[in-house]
Amino acid sequence: MARTRRSDDPENEEHPDEEGKEEEPPHDPEGEDPAAAEPVEEGRISFVTLLKDVCDLNNKEIAWLKSSGITSLHDLRRLKEAAFDSIIAQIRKGKYTQGQGDAARVVLREFRHHQEANVKALWSEVRIRYETGRNIEDIRNVGVDASQLVIWETRQDQREGFTNPPSEERPVATELSKDWIKGLDHLEEWLGQQVDDAYSIPLSFLLREEPKPTYVEKDYVSLRSEYAQCCPRLMSNGTTDVKVKWYASANEKLWTILHSIFVNHPSYAYISAFRRAKDGHGAYFSLKKHHLGEDAVSTMAAALEAQFASLSYTNEGRRWNFEKYVTRHVELYNQSENLKRFDYHGLDDRTRVRKLLAGIKTNKFDSLKAHVLSTPSLKKNFDGVVALYTDFISEDKSAHAGRASSQIAAVGGRGNQRKSGGDDGGRRRQGKRDNGQISQVTVTDRYYSREEYAKLSKEEKMALRKLRLGRTTNKRQRGNDGSAKTAALEVQSEEEDDRTVTVSNGGTSNRSNPALVRQGRPKKNG
């Protein structure tokens with residue numbers, strides 16, 4: 001775009017060191033302030049003042065921008081990135097100057113790098129505000145200064161980072177359907193990282209029901225989060241609302257993604273109606289309504305109540321204890337909290353405590369339960385009740401462990417005495433019980449039926465027990481002796497006919513034990 005030199009300028013005369021005496025853009029009289037004729041609303045600064053005081057541009061550079069068609073914030077907003085970069089490049093290369101050589105180099109020196117970056121930060125902020133439903137003219141509010149550039153440049157860097165992740169795996173329908181609350185949360189998070197191909201707008205704005213949200217001034221977690229909550233689907237166009245320019249491309253891409261995820265899953269039946277229109281927004285909310293609608297949430301809530309009712313605790317065990325009981329309660333409570341997003345009433349603090357106490361099925365904690373129910377602060381303090389029970393169980397376990405240790409020590413002492421007494425330790429212990437009362441009790445070592453054994457006196461039963469103990473001891477001794485000694489005992493037992501013995505405190509004998517009688521082989525006929 002060629003421009004002519006003013007007729008009153010001396011031909012071939014340049015004044016590079018004097019501002020206003022170099023080549024001027026068209027329709028910009030020498031020395032005239034570009035902002036002089038610009039009307040300004042109350043409470044705002046002019047567009048030219050914004051460029052001068054915030055972006056650090058001089059009159060000549062502002063005139064060059066205006067000659068490129070950038071006369072307002074709305075002109076900046078309409079420019080795509082490629083068009084904006086092209087205008088900046090033309091200004092930097094001196095395409096709007098007359099003549100060659102030195103004049104072009106002067107333009108290059110005057111439009112410095114930081115000024116170019118400032119203008120681009122302003123353009124990016126205008127674009128962000130428009131895409132999040134804010135009034136872009138608020139940038140010209142009185143009080144704006146160069147300190148805003150740092151914020152704008154930061155947001156510009158975040159906006160330029162709106163690209164599709166290169167290697168993130170797409171969600172799988174079978175995994176999502178295992179738990180639809182967690183599954184759709186994961187799907188929404190993943191879709192929030194995807195952008196449409198035409199305008200690089202995150203797809204998360206299509207996952208919100210409100211088509212035209214009201215922007216709220218607050219500290220957002222990130223610029224993506226701001227887009228997810230505030231980016232509109234509809235904008236006012238005078239008297240009517242129209243779809244935003246990026247809606248069509250984003251909606252079609254969302255449909256393509258949902259189709260690829262659920263095409264081989266039974267849930268595809270609930271989104272297939274949106275295939276012809278490629279309506280990703282409609283398909284997503286149809287899927288969500290079926291799996292997390294009012295009826296589905298009522299079913300999940302009933303199942304949750306049943307799981308609460310089935311929980312119980314009786315005592316401490318290896319596989320189930322109070323800690324696991326409480327952990328399961330917390331897990332179910334978290335599930336109920338997730339259902340609150342879908343109009344489920346959830347559990348208040350008193351209900352949590354009541355369900356916890358109802359599942360404790362032992363009278364060992366009746367005193368604790370009575371204390372909790374009689375203390376208003378504990379009746380609605382789940383964590384406090386858990387701490388109270390945990391301390392009580394810990395003290396009870398410590399006391400039980402102390403009693404068990406004492407019992408083991410006592411048993412170990414008696415065992416050592418038996419061991420030091422040799423093989424007759426059992427008889428010595430039994431002899432202490434006799435106290436001389438069964439010194440002359442006659443009993444036969446044989447099999448007794450239950451009725452016969454019941455008819456024996458206490459002394460006879462003790463005498464029989466001593467005989468059988470001696471039989472076991474003698475068998476062990478016989479196993480340690482040689483085979484010759486065993487044979488001699490067997491011959492001796494065959495010669496014994498009288499199997500009735502008299503038990504005394506002096507000792508026992510197994511000579512009449514029928515178990516030691518050797519059975520003869522039957523004679524062969526013929």
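A: The cover over the buried residues of H7 includes helix H1 (47-54), helix H6 (113-131) and helix H10 (223-230). The model is a predicted one, and H7 is the helix formed by residues 148-160. H7 has 13 residues, and the distance from its first C-alpha to its last is 18 Å, close to the 18 Å expected at 1.5 Å a residue.

Which residues of H7 are buried? They are Leu149, Trp152, Arg155, Gln156 and Arg159. Viewed down the axis of H7, these buried residues fall within an arc of 130 degrees, so they line one face of the helix. The general rule behind such a pattern is that an α-helix has 3.6 residues a turn, so residues three or four places apart point the same way. On the other side of H7, Val150 and Asp157 are exposed.

Thr154 also belongs to helix H7. Is Thr154 buried, exposed or in between? Its relative accessible area is 39%. Buried means under 20% and exposed means over 50%, so Thr154 counts as partly exposed. Thr154 can also be compared in position with Leu223: the two are 69 residues apart in sequence, while their C-alpha atoms are 10.0 Å apart in space.

The whole protein gives some background for this. It has 21 helices and four strands. Of its 526 residues, 37% count as buried. Among contacts with a separation of 6 or more, 64% are between residues 24 or more positions apart.

The next helix to consider is H13. H13 has 17 residues and reaches 25 Å from its first C-alpha to its last, close to the 24 Å expected at 1.5 Å a residue. Ala296, Val297, Ala301, Leu304 and Phe308 are buried in H13. Down the axis of H13, these buried residues fall within an arc of 135 degrees, so they line one face of the helix. On the other side of H13, Asp295, Thr299, Ala309 and Ser310 are exposed. What do the buried residues of H13 pack against? They pack against H12, H14 and H15.

The packing with H12 can be described in detail. Helix H12 (residues 280-292) and helix H13 (residues 294-310) pack at an angle of about 35 degrees, and their axes are 5 Å apart. On the H12 side the residues are His290, His291 and Leu292, which meet Glu294, Ala296, Val297 and Met300 of H13. By class, this contact has four nonpolar, two polar and one charged residues.

H14 and H15 also form a pair. The axes of helix H14 (residues 322-339) and helix H15 (residues 349-358) come within 11 Å and cross at roughly 145 degrees. Their crossing is right-handed. H14 contributes Tyr325, Val326, His329, Val330 and Tyr333 to the contact, and H15 contributes Arg352, Lys355 and Leu356. By class, the contact of H14 with H15 has five nonpolar, one polar and two charged residues.

The loop between H14 and H15 contains Asp343. Asp343 has a relative accessible area of 74%; the limit for exposed is over 50%, so Asp343 is exposed. Phi of Asp343 is near 70 degrees, a positive value in a residue other than glycine. Most residues other than glycine have a negative phi. Asp56 has a positive phi as well, near 65 degrees. Asp56 is found in the loop between H1 and helix H2 (59-67), and it is partly exposed at 38% relative accessible area.

One more loop residue is Lys245, found between strand E2 (240-243) and helix H11 (247-262). Lys245 counts as partly exposed, at 43% relative accessibility. Leaving aside neighbours within four places in sequence, Lys245 is in contact with Tyr130 and Tyr199. Lys245 and Tyr199 are 46 residues apart in sequence and 8.9 Å apart in space, C-alpha to C-alpha.

How values were computed:
Residues numbered from 1 in each chain as written. Predicted model: local features only at pLDDT ≥ 70, side-chain atom pairs only at ≥ 80, totals over all residues. Heavy atoms only, no water. Helix = DSSP H or I, 4+ residues; strand = E, 2+ residues; numbered from the N terminus. Expected span 1.5 Å × (residues − 1). Buried < 20%, exposed > 50% of the residue type's maximum accessible area, 1.4 Å probe, protein only. Arc of directions from axis to C-beta. Contact = heavy atoms within 4.5 Å. Axes fitted to C-alpha atoms, helices over the stretch in contact; angles between N-to-C directions. Left-handed = near helix turned anticlockwise from the far one by under 90°. Nonpolar A, V, L, I, M, F, W, Y, C, P; charged D, E, K, R; others polar.
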